[in-house]
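Please examine the sequence and the three-dimensional structure shown below. The paragraphs that follow begin with the ligand and then turn to the protein chain.

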Amino acid sequence: MRIAVFPGSFDPLTLGHTDIIDRALPLFDKIILAIGTNSSKKYMFSLEERLHFLKETYKDESKILVETYSGLTVDYCKSKDSEFILRGLRNGQDLEFEKAIGQTNYKMSGIETIFLISSSGLAHISSTVVRDVMRHGGSYEFMVPKVVKTQSN
Ligand code: ADP
């Protein structure tokens with residue numbers, strides 16, 4: 001069984017994330033969307049809200065499981081019998097950042113990171129930009145899935 005873990009903050013879930021998840025679905029038997037909870041980051045959305053965004057969006061997709069985890073991503077992968085980490089790449093900056101993490105994870109565990117490049121027209125979307133636009137009352141709806149749009153802030 002080919003199991004991938006897609007780790008992220010999903011603060012909030014965007015159409016950039018769903019693009020990567022949807023395109024990875026045919027490649028794996030199961031994809032675990034895993035919200036990491038060990039960072040000292042300040043989030044805009046609570047863990048419950050972020051879980052809800054993922055669970056609601058993928059409620060009819062039997063291959064998808066939504067979980068939270070703490071500690072090293074590779075340790076979490078092993079606990080789930082997952083041999084793959086899924087990540088998205090938007091640009092060269094993402095590549096440089098992800099390269100170091102992917103290489104370190106492979107050295108530590110033999111777990112391969114599978115990268116998908118964002119679909120044309122979606123590389124500008126990031127949770128950071130969505131949060132900034134939301135804070136300033138701008139229209140962010142074109143960057144997020146339905147469940148995030150209906151979230152009142
Ligand atoms: P993290 O805090 O771990 O970076 P994010 O929720 O910001 O978590 O991102 C999770 C993953 O989704 C990362 O691999 C990121 O590169 C990818 N991603 C986010 N936005 C996009 C996008 N617009 N296109 C492709 N991949 C994306």
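In the side chain of serine 9, an N or O atom lies 2.7 Å from an oxygen atom of the ligand. This is a polar contact, defined as a pair of N or O atoms within 3.5 Å; within protein, one must be able to donate a hydrogen and the other to accept it, and residues adjacent in sequence count only if both atoms are side-chain atoms. This is a predicted model, in which local features need pLDDT of at least 70 and side-chain atom pairs count only at pLDDT 80 or more, while totals for chains, interfaces and linings use all residues. Residues are numbered from 1 along each chain as its sequence is written, and side-chain values use heavy atoms, with hydrogens and water left out.

With leucine 122, by contrast, a backbone N or O atom is 2.9 Å from a nitrogen atom of the ligand. Taken alone, the ligand exposes 560 Å², of which the protein buries 87%; such areas come from the Shrake-Rupley method with a 1.4 Å probe.

Which elements give two or more residues to the shell around the ligand? They are β1 (3–8), α1 (15–24) and β4 (84–89). Helices (H or I, at least four residues) and strands (E, at least two) are DSSP runs, numbered from the N terminus. In total, 16 residues surround the ligand, and the closest are Ser9, Lys41, Gly88, Leu122 and Ile125; a residue counts here if one of its heavy atoms lies within 4 Å of the ligand. The shell divides into 6 nonpolar, 6 polar and 4 charged residues.

The loop between β1 and α1 deserves attention. Phenylalanine 10 is found in this loop, and its phi is positive, about 50 degrees, although it is not a glycine. Proline 12 has its place in the loop as well, and a cis peptide bond, with omega about 0 degrees, joins aspartate 11 to proline 12.

Finally, the whole structure holds 4 aromatic pairs, that is, rings of Phe, Tyr or Trp (its six-membered ring) whose centres lie within 6.5 Å. The ring centres of phenylalanine 28 and phenylalanine 84 are 5.7 Å apart and their planes are at 55 degrees, so this pair is tilted; planes under 30 degrees apart count as stacked, over 60 as edge-to-face and the rest as tilted. The pair links distant parts of the chain, 56 residues apart: phenylalanine 28 is in the loop between α1 and β2 (30–36), and phenylalanine 84 is in strand β4.

Definitions and conventions. Ala, Val, Leu, Ile, Met, Phe, Trp, Tyr, Cys and Pro count as nonpolar, Asp, Glu, Lys and Arg as charged, and the others, Gly among them, as polar.
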